[in-house]
Number of protein chains: 2
Amino acid sequence: MPNSGYPETRSFIAEQLRQETGLPFTEDHIVMSVGAAGGLNVLLKAILNEGEKVIVPSPYFVEFQFYIANHGGRIVLVDTRDDFSLDVEAIARAIDEETRAILINSPNNPTGVVYSEEELRELGEVLKEKSRGREKPLYLISDDTYKTLVYNGRPPLNVFNFYEATVSVFSYSKSLNIPGERIGYVAINPLFSGAGELMDALTFTTRILGFVNAPALMQRLIPLAGYDQVEIKNYQRKRDLLYEALTEFGYEVVKPGGAFYMFPKTPIEDDVAFVADLQRNFHILTVPGRGFGRGGHFRISYCVEMEVIERSLEGFREAAKKYGLY
Amino acid sequence: MPNSGYPETRSFIAEQLRQETGLPFTEDHIVMSVGAAGGLNVLLKAILNEGEKVIVPSPYFVEFQFYIANHGGRIVLVDTRDDFSLDVEAIARAIDEETRAILINSPNNPTGVVYSEEELRELGEVLKEKSRGREKPLYLISDDTYKTLVYNGRPPLNVFNFYEATVSVFSYSKSLNIPGERIGYVAINPLFSGAGELMDALTFTTRILGFVNAPALMQRLIPLAGYDQVEIKNYQRKRDLLYEALTEFGYEVVKPGGAFYMFPKTPIEDDVAFVADLQRNFHILTVPGRGFGRGGHFRISYCVEMEVIERSLEGFREAAKKYGLY
């Protein structure tokens, strides 16, 4: 097997991406990876020079900072708007000579927010503009781990059609519910003129970072799994129940469009204290927002049984009373 | 699952290592890894500071140089003796203030040589001596990928009993013949006083380098496979056939004690030209020695069907005649 993975598996994925995007993907645009985290590391190793910057909209998945630092890069956080949508103007202002890439994640961990086509179009325009005159274009990296978990029958976000130097990183851990199996891929936009060179670089970094190749048996599984994926409706029911209850109790919540996270404001400024109180006195496990670069919020993961969510509601109500929301 | 892997799997491996070594291994000395290459990267990320040196006996597995460079280290090659045994005096001379570790590989790729207890004892003495007065000891890293492939019923080399700050990296790819499945482990000597701290560091680097955890299903497989392993006798028969034929034809070969590689001298100085000639005119695929840091040699991998080896012998004989060996 090449370090990039079984050609049959890569062809299967290319066919899926052709259908999703209308773009001429082939196996030569796909590198199988050890999950999305493996894919991101392989990609960042391939594209970053020492000291170069990667812009990440915040709140953000905190491991990104390690992945970027692993390969000599520097993370630059740019706050999203209050509704966690992309602040494209702020991103544009943050781009400088040392910027190499923008790393987005939609549906987003921790907010569950799905970026709109309009946001991506604006971002694409900015990246085109800022890439002009550069030896190498800025990269748009899309961590598409939650791509298949979007609600209301909305099709998965297609990140490729707004900018050529776009690379998507995907994991099957959520779409097939196989966490821990470490199978995913990196997909390079076929329209990107540097696709061949990047493909060679990714194949090489897959090998030398010690991934060597994505797990062989799981690679065989992917075409067999075909278009199967977990039932999104189950997640959506959980989101609806939780969102409606929390807003009723007075919490300020941006309604998630996908994934299985919610990122409400905490009723007090100190999110660490609030999360500790939720755990100790109301037996609800959440994570402080400051771990994701945004204090004054807390992350709820609702990738749990419906009964667990149902049982938590009374606790959320009591906490809301205690802090004067309800 | 913790990033270090399933406790049951790690306990099973600890029990095996207790039996092999008599040392008090527990699950707290084992981190499951994405193969040996993943394990080495995780380990090197955990222990190396920018610019520190890792000594590697040469000829050597050339990927080591990338793994070391990935984490800011510098590789320092020290030639082995003519019989590819460790030149412990030369290693001692190469150790300086900036040295952080020695990385050995036995049975060795490309030579098939197995280091003796005597060599390891001498090396352990040198490392003890050279670690004196340092804030942190030098590490002995043993890439034990081929550990189970040793001939003549010899037990696998036990690297732990000669030096405390010893870490073994293992892969099941050869012992269970499952190349590509990316399952292995890192084992820390229980006698090493820094074992707990190193364990924490390895768990963390497993996560942040993007491995996250070793593939889950394969972790489940390891205790089920128990003490199974590929039949060594098959490799030994191939070694015997090839070794006897090559020496009869006049090639100078150090007899391999394990693995499935042989590293004869080329009849002409230019190993690249010889290997090209072997391929073009005698239809035998080998690799030039200079790719492993030792020109004037070529590597034969005999992890192939017996018929392939049998069919190659006439070609080796004809090549020997052409170059005046036979």
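**Entry 1: the largest pocket**

I start with a term: a pocket is an open set of grid points, and its lining residues have an atom within 4 Å of a point. I also note that I am working with a predicted model.

I looked up the largest pocket. Its volume comes out at about 850 Å³. I listed its lining and got 33 residues. Which of them lie nearest the centre? They are Val212(A), Phe61(B), Tyr146(B), Lys174(B) and Tyr261(B). I note that this list holds residues from chain A and from chain B.

Next I asked which elements give two or more residues to this lining. I found α2 (35-47), α3 (63-70), α6 (172-175) and β10 (298-301), and these belong to chain B. I then sorted the lining by class. It has 17 nonpolar, ten polar and six charged residues.

**Entry 2: the second largest pocket**

I moved on to the second largest pocket. Its volume is about 680 Å³. I counted 24 lining residues for it. Closest to its centre are Phe61(A), Tyr67(A), Lys174(A), Arg182(A) and Val212(B). Again I wrote down names from chain A and chain B.

The elements that give two or more residues here are α2, α3 and α6 (172-175) of chain A. By class, I noted eleven nonpolar, eight polar and five charged residues in this lining.

**Entry 3: where the chains meet**

How many residues of chain A are in contact with chain B? I found 26, and they touch 26 residues of chain B. I then looked up the buried area. The two chains bury about 2,000 Å² between them. Of that area, 54% is on carbon and sulfur atoms. Three residues stand out on the chain A side: Asn70(A), Arg182(A) and Ile208(A). They supply 22% of the area that chain A buries against chain B, more than any other three residues.

I counted polar contacts next. Between chain A and chain B there are 22 residue pairs of this kind, with both residues at pLDDT 80 or more.

**Entry 4: salt bridges**

I searched the whole structure and got 42 salt bridges over all chains. How many cross the interface of chain A and chain B? The rule finds two.

I looked at Glu63(A) and found its side chain in a salt bridge with Arg207(B), at 2.6 Å from N to O. I then looked at Glu63(B). It forms a salt bridge with Arg207(A), and the closest N and O atoms are 2.6 Å apart. This pair runs from helix α3 of chain B, which holds Glu63(B), to helix α7 of chain A, which holds Arg207(A).

**Entry 5: the backbone**

Last, I checked some backbone angles. Is the peptide bond from Ser58(B) to Pro59(B) cis or trans? It is cis, with omega near 5 degrees. Pro59(B) sits in the loop between β2 (53-58) and α3 of chain B.

I found a cis bond between Asn109(B) and Pro110(B) as well, with omega about 25 degrees. I placed Pro110(B) in the loop between β4 (99-105) and α5 (117-131) of chain B.

I located Asn152(A) in the loop between β5 (139-143) and β6 (166-171) of chain A.

Methods. Residues are numbered from 1 along each chain as its sequence is written. Chains are lettered from A and ligands numbered from 1 in the order in which they are written. This is a predicted model: local features need pLDDT of at least 70, side-chain atom pairs count only at pLDDT 80 or more; totals for chains, interfaces and linings use all residues. Side-chain values use heavy atoms; hydrogens and water are left out. Contact means heavy atoms within 4.5 Å. Buried area is the accessible area (1.4 Å probe) that two parts lose on being put together, summed over both. A salt bridge is a side-chain nitrogen of Lys or Arg within 4 Å of a carboxyl oxygen of Asp or Glu. A polar contact is a pair of N or O atoms within 3.5 Å; within protein, one must be able to donate a hydrogen and the other to accept it, and residues adjacent in sequence count only if both atoms are side-chain atoms. On a 1 Å grid over the protein atoms alone, a cavity is a set of points where a 1.4 Å probe fits but cannot get out, and a pocket is an open set with protein on both sides within 12 Å along at least five of seven lines; lining residues have an atom within 4 Å of a point. Grid points are joined across faces, edges and corners, and a volume is the space filled by probe spheres set on the points. Helices (H or I, at least four residues) and strands (E, at least two) are DSSP runs, numbered from the N terminus. Ala, Val, Leu, Ile, Met, Phe, Trp, Tyr, Cys and Pro count as nonpolar, Asp, Glu, Lys and Arg as charged, and the others, Gly among them, as polar.
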